[in-house]
Amino acid sequence: MAEKKIRQHMQNRSAQERIKDFKEVPLGFTPEQAIAEAKRCIQCKKPLCVSGCPVEIDIPGFIKFVAQGDFESAVQKIKETNALPAVCGRVCPQEDQCEKQCILGIKGEAVAIGNLERFVADYERSKIKDQSSKQTPSSKSKDQKIAVIGSGPAGLTCAGDLARKGYQVTVFESLHVTGGVLTYGIPEFRLPKAIVNLEVEYIKSLGVEVKVDMLIGNVYTIKELLKDYQAVFIGSGAGLPKFMKVPGENLDGVYSANEYLFRINMMKAWNFPANLTPIKIGKRVAVVGGGNVAMDAARVSLRLGAEEVYIIYRRTEKEMPARLEEVHRAHEEGIIFKTLILPVKYHANADGWVEFAECLQMELGEPDSSGRCRPVPVAGSEFRVSVDTVVVAIGNSPNPLVPQRTPDLKVEKWGGVIVNEQGLASIPGVYAGGDIVRGAATVISAMGDGKVAAKAIDQQLSA
Amino acid sequence: MVKILKKERLAENISRIIVAAPHIAKAAKPGQFIVIIPTENAERIPLTIADKDLEKGTISIIFQIVGATTKLLDSIPAGGEIAHLLGPLGVPSHIEKFGTVVVIGGGVGIAEIYPVVKGLKEAGNKVVTIIGARCKEMLVYQEELRIASSELKVTTDNGACGRKGFVSDELKDMIATGEKIDLVIAVGPVPMMRVCCDVTKPHGIKTMVSLNPIMLDATGMCGVCRVSVGGQTKFACVEGPEFDGHQVDFADLVARLKPYKDVEKKAFDHVCRLLK
């Protein structure tokens, strides 16, 4: 019997070093590590990992190539179903998806599928650095046209899949830069923008036309698009940030996570005044929330010079929706976790700037509908947390714009576009996916939606 | 890139540019705005669409040079290009036959009311337009508005043109004559809009104001443009910019306009150095 091999781990940059810059935290596998890790895969006949992948990557297939040292074939294998491997290898919650299903995980540690995906994508990236992608547009081109709204993960995936099938695809992006949440939301140290740009260039190399500064709904309605395009995919993503509706949330110094990260990631406010969009980060920053976005906002604050950064969360760390890895890294970097705490009011100083948060101590009660224990306030537990900046990171509603301007488009009470299993919305020829359907979800689920819709659009138009 | 076809200085620190944007010209309605990024490193700033020409596929934008990004924008000559232009944005003004409508424009707001005045007049309203500015030179679009309105009243702070006083004085007098006013629309600096609302409120005259909070993406994502209206948080970029002025918390708006005032000088100086 073969000796039991232990899981390879990527080397990380030290916390002290990395909080001084925006470069990535993990350094990635070495080729030797990748091959050793790939050899741990037992190549299941009925691979459960694939069922855990929203875009159904042939995981044992690509890992087999890695084990043989054929990294080029490995990445091509992934790209059969996933156009954005360098992104997914970084931001997918693999521990809840493919790796959760891995048979090795029952008795030991799952194969590091995500890290392997990242490795081969980066390998390919290093090879094509100076030449534009060698991908050629599909030879069997069709004359049907598809409009894709949004250049985030859902839109890019849908556009890429349809272009590969030969359709004429146009992506309409409302912002001045492509990538959606990959660009404005996820910070550089978790997902370098050079990678996002390269993935967008790859999609363009497939023949997709990308138009920025185009707000669908206002410039053209969906109805107007349907005159020129045979199908429309709505991937317009997350929208209005949620607030807690507590007094003082409109004070200066209180940001939504969307605004905070948009200023930093998209507008490069850290480079003010060379970049003209300003941001003000105080000495003490409190980030309210326990998801990945909250961790991003907290870790960004630290890198921009905050002296103390708090995560304020009403439950305990165990209930946090953020990836364990992100929570761990936040801890390593010195983020202070203030759990079982609920802000109930923000107070301003004489200049109208937020000065402290009035908070309540919480304790966990009975489980609620989400299965997590409901936090209940402890009577008489009011106390103050002094802050200069507050970032509210408690989620988003779906972007309201397209539904607002499309009366026939059926939406849920909370704003999500209603679709069937194929991603088809209530208007014939109109499909939707990603956060516009799900509220705030993951990059990979958005990509999965884009894929499903692309398949359905192809079936509709080939029929 | 978007080409500036024509540029002219309307007053000290107020410029008008006409840009080629057929898709915006086609879709734009009165009361809507655009976001402009003059150069790649500049801010995204919202500006009202002052006019459009469907045939030529152009829109006019009138702006006051108040900070770094508007200074940069003003430095681009006719024939030059701006990096990005997004629009039309916001909910259009509600235009129907109301009866008698008083449209008030103050400062750079004067240019912004032009499409609204035109639209309301075309819908069959009696449109009384009141414009006011600090001095005569700031009274842009006077002739255009005179033609478009049923009646035009002009005020200046120093009396150099029209009545000496404020737009709200004209509004008060008009109310005092007892003429039935069905709607007031006020566009301009926050204090002006607030005073107009104070004047109309006791008389129960519905008053719409066009708010100008800080915006970033302006597409319903970042939430910086949140304003308090009737005790509820509204997002001006997708739910506005027009709101019922009697419900607006102006103090909140004023406070939310000021957080970067102290660093604006730094940005302005930087741009001045760049332009040298």
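1. Contact is used here for heavy atoms within 4.5 Å. In this predicted model, that criterion gives the surroundings of helix α7 of chain B, whose buried residues pack against β8 (100-106), α6 (167-176), β12 (183-187), β13 and α9 of chain B. Helix α7 itself covers residues 190-200, and its buried residues are B:Val190, B:Met192, B:Met193, B:Cys196, B:Cys197, B:Val199 and B:Thr200.

2. Leaving aside residues up to four places away in sequence, B:Asn212 touches B:Val190, B:Met193, B:Leu253 and B:Leu257. The residue sits in the loop between β13 (207-210) and β14 of chain B. With a relative accessible area of 37%, B:Asn212 is partly exposed. The C-alpha atom of B:Asn212 is 8.3 Å from that of B:Pro46, although 166 residues separate the two along the chain.

3. The interface of the two chains comes next. Chain B contributes 46 residues in contact with 46 residues of chain A. Together the chains bury about 3800 Å², and 58% of this lies on carbon and sulfur atoms. On the chain B side, the residues that lose the most area to chain A are B:Met221, B:Arg226 and B:Tyr260, which together make up 19% of what that side buries.

4. Polar links also cross this interface. There are 21 residue pairs in polar contact between chain B and chain A, counting pairs with both residues at pLDDT 80 or more. The elements of chain B that give two or more residues to the side touching chain A are α1 (22-27), α2 (68-74), β7 (84-89), β14 (226-229), β15 (232-235), α9 (250-256) and α10 (261-275). By residue type, that side of chain B divides into 23 nonpolar, 13 polar and 10 charged.

5. How many salt bridges does the rule find across the interface of chain B and chain A? The count is 2. A:Lys280 forms a salt bridge with B:Asp262, with the closest N and O atoms 2.6 Å apart.

6. A:Glu259 counts as buried because its relative accessibility is 2%, and the cut-off for buried is under 20%.

7. Over all chains, the structure holds 43 salt bridges. One of them joins A:Lys77 and A:Asp58, at 3.8 Å from N to O. This pair links distant parts of the chain: A:Lys77 belongs to helix α5 (residues 71-79) of chain A, while A:Asp58 is in the loop between α3 (48-51) and α4 (59-67), 19 residues apart. A:Asp58 is partly exposed at 32% relative accessibility.

8. A second pair in chain A is A:Asp388 and A:Arg284, with the closest N and O atoms 3.7 Å apart. A:Arg284 is partly exposed, at 30% relative accessibility.

9. In chain B, B:Lys265 forms a salt bridge with B:Asp269, the closest N and O atoms being 2.9 Å apart. Both residues lie in helix α10, 4 residues apart, about one turn of the helix. B:Lys265 is exposed at 53% relative accessible area, and B:Asp269 is partly exposed at 27%. Elsewhere, salt bridges that share partners join A:Arg18, A:Arg190, A:Asp296, A:Arg299, A:Arg303, A:Glu326, A:Glu332 and A:Glu333 into one network.

10. The whole structure has 8 aromatic pairs over all chains. The rings of A:Phe172 and A:Tyr220 have centres 6.4 Å apart and planes at 70°, so this pair is edge-to-face. A:Phe172 is in strand β2 (residues 168-172) of chain A, and A:Tyr220 is in the loop between β3 (209-211) and α13 (222-228), 48 residues apart. A:Phe172 is buried at 2% relative accessibility, whereas A:Tyr220 is partly exposed at 25%.

11. B:Tyr114 and B:Tyr141 form an edge-to-face pair, with ring centres 5.2 Å apart and planes at 70°. B:Tyr114 is buried, with a relative accessible area of 11%, and B:Tyr141 is buried at 7%. Back in chain A, ring pairs link A:Phe71, A:Phe119 and A:Tyr123 into a cluster.

Technical notes
Residues numbered from 1 in each chain as written. Chains lettered and ligands numbered in written order. Predicted model: local features only at pLDDT ≥ 70, side-chain atom pairs only at ≥ 80, totals over all residues. Heavy atoms only, no water. Buried area = accessible area lost by both parts, 1.4 Å probe. Salt bridge = Lys/Arg side-chain N within 4 Å of Asp/Glu carboxyl O. Polar contact = N/O pair within 3.5 Å; in protein donor to acceptor, adjacent residues only side chain to side chain. Nonpolar A, V, L, I, M, F, W, Y, C, P; charged D, E, K, R; others polar. Phe/Tyr/Trp six-rings, centres within 6.5 Å; stacked < 30°, edge-to-face > 60°. Buried < 20%, exposed > 50% of the residue type's maximum accessible area, 1.4 Å probe, protein only.
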